[in-house]
Amino acid sequence: MTRPSLLRHFALLLLAACTTASAEPIDRRIAVTIDDLPWQRAGAVSGEVLQQRHEQLMAQLARAGAPVTGFVNEFKLEVDGQLAPERVAMLRDWLDAGYTLGNHGYSHPQIAEIGAAAYCEDVERGEQVLRPLLAGRGQVPRWFRHPYLRAGRDAADREVLQACFDRLGYAIAPVTADNSEWIWAAAYARVLDGEVQVDDREGTLQRLREGYVPYMLDKLDYFERQSIELLGYALPQVWLMHANELNAASYATLIDAVRQRGYRLVSLDEAMQDPAYVRGEGGYAGAAGIGWLHRWALGSQPRGKILPDEPLVPQWVLELAGIGSE
């Protein structure tokens, strides 16, 4: 190597070393939460099919090997208005696997439709099975997840709900990595069960599985950028998913991809230790069902920037799901 080439070579090495030293690694952590237990579409399939799909999801969760907090809608434990022991057994499977269970309301209500007082009654009704089930294992329900992420219409609603949660001993489980996974899942289930006709059923299901993972990763990238814009660092994210057919087929693949992206999977408890969560839902007092990063941005003074170009569900997926828009 000539002297000029040698000098250029060492200069490049020095530049690379300085760049590496100056760039602090991003601490990427994320907590998985799964809503609508025991199953998102519990009334849409037979008991035998439901059991099979539940077992498929549990196998995916085991393969992924990540902490999970699941949120229960107790009306989905019933068949024809009667508590179904086989569905309660599904919750036991979650607990046997070491996962945490929280309350998602009995009927997954819209607070704008029933009001705060009735909403609180629904919260309490939503723990009639859950609380004794956890008590048998020396636990109590600690987390509540708002259906539709809607936390009240105004400050008066929030005051009523806070008193309710304080009395029952609940903390609110936020969502920061929000997404429209439920639309992808609706499309997948409709194709799987023949509710929508396609020329190539297996090919369409594969296309949905293969599109779902990069969509979810793009969403995580977006909310990481939103966190850095708003807070100055990568917040330990809380990720929203549901107990459904798509995750019963793709969850472990998704978690593998997230780990390859540099994320460490943590419990909801660990994620919530971050100081940013101390502010709760922040100053936002509107009725929209939005994640906490956007709530914090809208409620801050001066108002924080909400980043543009949030990834959207492709039109072909919306059409398969039978949904006009996000």
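Trainee: Which residue stands opposite Gly-70 in E2?

Mentor: Two strands pair if DSSP finds at least two bridges between them, and strands (E, at least two residues) and helices (H or I, at least four) are DSSP runs numbered from the N terminus. Here Ile-34 stands opposite Gly-70, and 4 bridges join E1 (residues 29–37) to E2 in a parallel arrangement. E2 also pairs in the parallel sense with E5 (residues 100–103) over 4 bridges, where Thr-69 has Thr-100 as its bridge partner. This is a predicted model, in which local features need pLDDT of at least 70 and side-chain atom pairs count only at pLDDT 80 or more, while totals for chains, interfaces and linings use all residues. Residues are numbered from 1 along each chain as its sequence is written, and side-chain values use heavy atoms, with hydrogens and water left out.

Trainee: How many residues of E2 are buried?

Mentor: Buried means under 20% relative accessible area, exposed over 50%, and partly exposed in between (1.4 Å probe, protein chains only). In E2 (residues 68–72), 5 of its 5 residues are buried, with Val-68, Gly-70 and Val-72 pointing one way and Thr-69 and Phe-71 the other.

Trainee: With which residue does Arg-53 form a salt bridge?

Mentor: A salt bridge is a side-chain nitrogen of Lys or Arg within 4 Å of a carboxyl oxygen of Asp or Glu. Arg-53 forms one with Asp-193, their closest N and O atoms being 2.6 Å apart. Arg-53 lies in helix H2 and Asp-193 in the loop between H7 and H8, so the pair ties together parts that are 140 residues apart in sequence.
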